[in-house]
Amino acid sequence: MSITPQPGIMEIALYQGGQSRLEGHDEVLKLSSNENPYGPSPRAQDALRAAAAGLHLYPSTDHAQLRAAIAEVHDLDAERIICGVGSDEVLQFLAQCYAGPGDEVIHTEHGFAMYPILARAAGATPVMVRERDRVVDVDAILEACTPRTRLIYLTNPGNPTGTMIPVEAVARLADAIPDHVILVLDGAYVEFTEDYDGGARLVEARGNVVMTRTFSKIHGLGGLRIGWGYGPREIIDVLNRVRQPFNLSNAQLTAAEAAIRDTGFTEMCRAETARLRVWMRDKLLGLGLACDESHANYVLVRFKDESEAIACDAMLREEGIIVRRVGGYGFPEGLRITVGDEAGCRRVVGCIARFRGQA
Ligand SMILES: *Cc1c(COP(=O)(O)O)cnc(C)c1O
């Protein structure tokens, strides 16, 4: 056989999603995929139902209404927005359009597993840069830039660390990278931070920064697959050329619009998550475990070693609770726990306290 896939494809390790079922448990508490414990906005659900009657019609190709809603809510320029099937698709467009064989794509040590996958799918070479004590190291990224670098994927706040670097540090990075490099700011968790716009103003001030955002996390629409990007018009124009004209359905478009316009619901989710992540971290620290301050909707708890993390994970599973092992992200001794609702947080913390013999 001489049928072979393109270079790089066979080096891709399949992405592992968070598990959602446990043998012997009808109802599990799933805290492994950073989903919204309050579900999608009731208005988004209504919009989705209403979309059913129009499913025979093709959706809009330019997403004008959704882009206008995003622009209004976040005070952005609708002309610089592109919408995708999850922010994953926008991240993919960037790799497809700007990286190829011989090119390098930088991601950081504990960054999202999709980055090396997207780089390889484009035929490019992923380059991993160390973080410093679980925080992105701007200088290390700059040192890793070469004439072959095309993209830098940066999650801020980081997943699974929950740590973040200030917008001034992001700006310094954008200023110092070579002019053939695009800085991609993956803002999947920006809504959970305080006083951070995800880099939107940086995008507007420079020609080399793109921000991606998602409806999967705070808007509770992970199952519907909608994300968006914000970048210089020239770059958005390039990305639109590879985007399928009907990449988003009417159902996705109208539900996302209703979700982003329901700012009261978004604010409730943000405030509750911010309150509960502080509560959870305090409890975990009180149990003698290591846990950085999180700016997102999860906490990364670190045990003495991998075997303790495995043992705790096993006990949580017996109790019907699924959290995320993060060995693949460089933390064999860690578990990433999504901040659930109050009952969920109490339940998982109570179980870990029993595991530690402190309940
Ligand atoms: C969840 C997540 C996303 C969002 O992916 P979607 O395709 O929008 O669901 C992007 N980046 C990171 C780091 C994430 O954790």
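This is a predicted model: local features need pLDDT of at least 70, side-chain atom pairs count only at pLDDT 80 or more; totals for chains, interfaces and linings use all residues.

Trainee: What covers the buried residues of α4?
Mentor: The cover includes α3, β3 (104–108), β4 (125–129), β5 (149–155) and β6 (182–186), where contact means heavy atoms within 4.5 Å. Residues are numbered from 1 along each chain as its sequence is written, and side-chain values use heavy atoms, with hydrogens and water left out.

Trainee: And how many residues of α4 are buried?
Mentor: Helix α4 (residues 114–121) is mostly covered, with six of its eight residues buried, namely Met 114, Tyr 115, Pro 116, Ile 117, Leu 118 and Ala 119. Here buried means under 20% relative accessible area, exposed means over 50%, and partly exposed is in between, using a 1.4 Å probe and counting protein chains only. After the helix comes Gly 123, whose phi is positive, near 90°.

Trainee: Switching to the ligand, which residues come nearest?
Mentor: There are 13 residues around the ligand, and Asp 186, Tyr 189, Thr 214, Ser 216 and Lys 217 come nearest; a residue is counted as near if one of its heavy atoms lies within 4 Å of the molecule. Helix α3 (residues 86–98) supplies the largest share of this shell, three residues.

Trainee: Which polar side-chain atom of Ser 216 or Tyr 189 lies how far from an oxygen atom of the ligand?
Mentor: A polar side-chain atom of Tyr 189 lies 2.6 Å from a ligand oxygen, and a polar side-chain atom of Ser 216 also lies 2.6 Å from a ligand oxygen. The ligand exposes 390 Å² when taken alone, and the protein buries 93% of that; such accessible areas come from the Shrake-Rupley method with a 1.4 Å probe, and for residues only the protein chains shown count as cover. At the backbone, a polar atom of Asp 88 is 3.1 Å from an oxygen atom of the ligand.

Trainee: Where does Ser 41 lie?
Mentor: Ser 41 is in the loop between β1 (29–30) and α1 (42–51), and its relative accessible area of 1% is why it counts as buried. A polar atom of its side chain lies 3.0 Å from the backbone nitrogen of Arg 43. Leaving aside neighbours within four places in sequence, Ser 41 is in contact with His 219, Asp 262 and Phe 265.

Trainee: Which peptide bonds are cis?
Mentor: One joins Asn 156 and Pro 157, with omega about 0°, and another runs from Asn 159 to Pro 160, with omega near 10°. Pro 157 is placed in the loop between β5 and α6 (167–176), and Pro 160 is likewise in the loop between β5 and α6. These deserve a second look because most peptide bonds are trans, just as most residues other than glycine have a negative phi.

Trainee: What about phi of His 63?
Mentor: It is positive, near 55°, in a residue other than glycine. His 63 sits in the loop between α1 and α2 (64–74) and counts as buried because its relative accessibility is 2%. Arg 134 likewise has a positive phi, near 70°; it lies in the loop between β4 and α5 (138–144), and with a relative accessible area of 19% Arg 134 is buried.

Trainee: Last one: how many helices and strands does the chain have?
Mentor: The chain has 12 helices and 13 strands, and of its 359 residues 54% count as buried.

How values were computed
A polar contact is a pair of N or O atoms within 3.5 Å; within protein, one must be able to donate a hydrogen and the other to accept it, and residues adjacent in sequence count only if both atoms are side-chain atoms. Helices (H or I, at least four residues) and strands (E, at least two) are DSSP runs, numbered from the N terminus.
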